[in-house]
Amino acid sequence: MNGILPLQLEDVSYAAGGRKIIDRVSLALEAGSSTIILGANGAGKSVLMRLMHGLLAPSAGRVVWNTVGARRRQAMVFQRPVMLRRSALANVDYALQAAGVAPASRERLAREALAEVGLLAAAARPARVLSGGEQQRLALARAWALHPEVLFLDEPTASLDPGATREIENIIRAFDAAGTKIVMSTHSLGQARRLGDEVIYLHQGHVVERARFFPLPATTEAAAFVKGELPWA
Amino acid sequence: MLEALSTGLRLVATLDLRLWEIVGLSLAVSLSAVALATLVGLPLGAALAVGRFPGRQAVIVVLNALMGLPPVVVGLAIYLLLSRAGPLGELGLLFTPGAMVLAQTVLVLPIIAALARQAVEDAWLEYEEQLRSLGVDGLRGALTVLWDIRFSLLTVVLAGLGRASAEVGAVMIVGGNIDGVTRVMTTAIALETSKGDLPLALGLGMVLIAIVLALNAGAHLIRDAAARRYG
Amino acid sequence: MGMTTKVLLGALVCASAQAQTGYITVASTTSTEQSGLFRHLLPLFERKTGAQVRVVALGTGQALDAGRRGDADVVFVHARALEEKFVAEGHGVKRVEVMYNDFVLVGPKSDPAGIAGGTDVAAALRKIRAAQAPFASRGDRSGTHYAELQLWQAAGIDIATAKGPWYRDTGSAMGPTLNTASGMNAYVLTDRATWLSFRNRGELAIAVQGDRRLFNQYGVMLVNPAKHPHVERKLGQAFIDWLVSREGQAAIAAYRIGGEQLFFPNAKL
């Protein structure tokens, strides 16, 4: 069975409310390395990820996966996790059910996923009473159960404290080790360094730089970001 | 006013059989109507919330407007339908509780559907991305959201129940206010008012309000308990 | 209609149908119902036959319409001319007289038209019109309304043209009309039975009574099964027969409020 990668973005643009948010981006995402999308707020990271994942349709250009049926073999984790008013276990089960997994194996797979993220003890608790960090771990468990080939993460730890952040990063590493391609946006350089093999730097809807993780940025914009300056003045 | 209060209390205290017959029928009719309207209206509202089709905005406007259907007009329309001289005369439903349930269902359905549509549409903003990421879309997604906001929907159902138990125009026309058969609280109050027995009418009115209050309090407690349990 | 709704509706019909064997629907007037006569009368018939009598109080005009549509099995009203027309049209089998009472003209104790204590209703109406004293009319095609119109005619007044702001057309049943009259201290024509059981009299009292033109005859008719095959002919006829029987007539006479008899049986045996 062919993998869904590489993913090709061909001259993709996205405009909304008269503004161009993504401006003619062309790139390819290959299997193997974890990709970090860096950029200041408003650069278009969230929109770019949603275009890749298929939640948004481009205004121009094409988003092309390697094979058909790629829809089912990806997952996404958002900055704020959205949980159903059910138990933690039921939330993971819901995702498996949506993916068409047979009833007989669903509970086992759900429990395995919860165990992977360290939430097995909380399986019966209502998902919505869990803490922010626990809910985000639950979101990752939900994604884990699906064994996706690509996992998109949109600033997954932006709302979490350092302790919870560390736990989330460990789980992301586990995904990476299991062979899932990580595509993650963040505005934390430290996190990018810890988790990424390569980086795409986004500035006002353009890709201005892309490289294996850079010690010295080549472009002025990237350099300014690394130095911690505000991107436009 | 005081006489009304004491009349009402006396009716309740003496367990007046006729009163409880009337109360029982009122609850049976209105609760049945609300149950039917909920069964049809909730999925309808959810589907309308997430569906996209030409004329959708017009449908929403009409549905919202139907919330204000005058009960007496609905009663008249159902009467003409169920009359022996009308298309559904064969059913022999006129002047029976069945006709009253039908009329109140028609009255309550737009309320439940319109309010559910709004609730689901608002919630959909929160759930949409995550559900679509999981491959859940369309009606399936709408029903998932519908179930997830079930405790908020309790308020929608209560709005429908309020409308049903308060109206008199529809049940009077299609039920005929027959003593012991189709007499409910509101039609009994109307009758006593027209007979000039105002204290009794007011007393009955207070019993009706007390019952509706009790139902609402009960629903509120359920909602509270659920919020604490499920978050 | 969704599938579930159809099923539930069917269940409702079945439940209604179960009760259907053994009852008749009687379309009658608001005055007979509100007087409490039926609550006194019906249990006697129901105990005797085991059947249920369901009275829908509609007002004479509407009751006759219900009969025309076939929505009732028996019609029991008090407007002779309209009843005879009903039978002539073929909607009723036969008109049978059951009982009578009378109308009374009530008005405010202050009596602006100066008619209190009189026995000539036509003269009283002329005085009311002359004084332009407030008068509440039912205006709802009821037996009482028709009687009122006939009385204006008897007084030589074309009320359609003669009425002014003093003539208040309430379009309501007897009770609400009495409420309105009480509220605005107006004269009003009412049947004695409703007046006797009316609790909100305010300043009103009987002004004129005893005129033979105030005679109010009640008649009952079986809705014609030839036109409406579903009519409960056996039970309906049994009810009519009982009303005019010695037992039924005695029961009618026995009904009193505060010791006063409301209806006077006069069936021709």
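**Close-up views of a predicted model**

**View 1. The largest nonpolar core of this predicted model has 173 residues.** Here a nonpolar core means buried Ala, Val, Leu, Ile, Met, Phe, Trp, Tyr and Cys residues joined through C-beta atoms within 7 Å; buried means that 20 or more other C-beta atoms, placed from the backbone, lie within 10 Å of a residue's own. A103(B), I112(B), V174(B) and V74(C) have the most contacts inside this core. Helix α5 of chain B (residues 97-133) gives the most to it, with 19 residues; helices are DSSP runs (H or I) of at least four residues, and strands (E) of at least two, numbered from the N terminus. In this model, local features need pLDDT of at least 70 and side-chain atom pairs 80 or more, while totals for chains, interfaces and linings use all residues. Residues are numbered from 1 along each chain, and chains are lettered from A in the order in which they are written.

**View 2. Let's visit I112(B) and its contacts.** Beyond its neighbours within four places in sequence, I112(B) touches, among others, A37(B), L42(B), V156(B) and G160(B). Contact means C-beta atoms, placed from the backbone, within 7 Å.

**View 3. Chain A meets chain B.** On this interface, 16 residues of chain A are in contact with 13 of chain B. Both β5 (74-77) and α2 (88-98) of chain A supply at least two residues to the chain A side.

**View 4. Chain C is divided into domain 1 (3-100 + 217-265) and domain 2 (101-214).** These bounds come from an automatic or database domain assignment. The C-alpha centres of the two domains lie 28 Å apart.

Technical notes: Buried ≥ 20, exposed ≤ 12 C-beta atoms within 10 Å, placed from the backbone. Contact = placed C-beta atoms within 7 Å.
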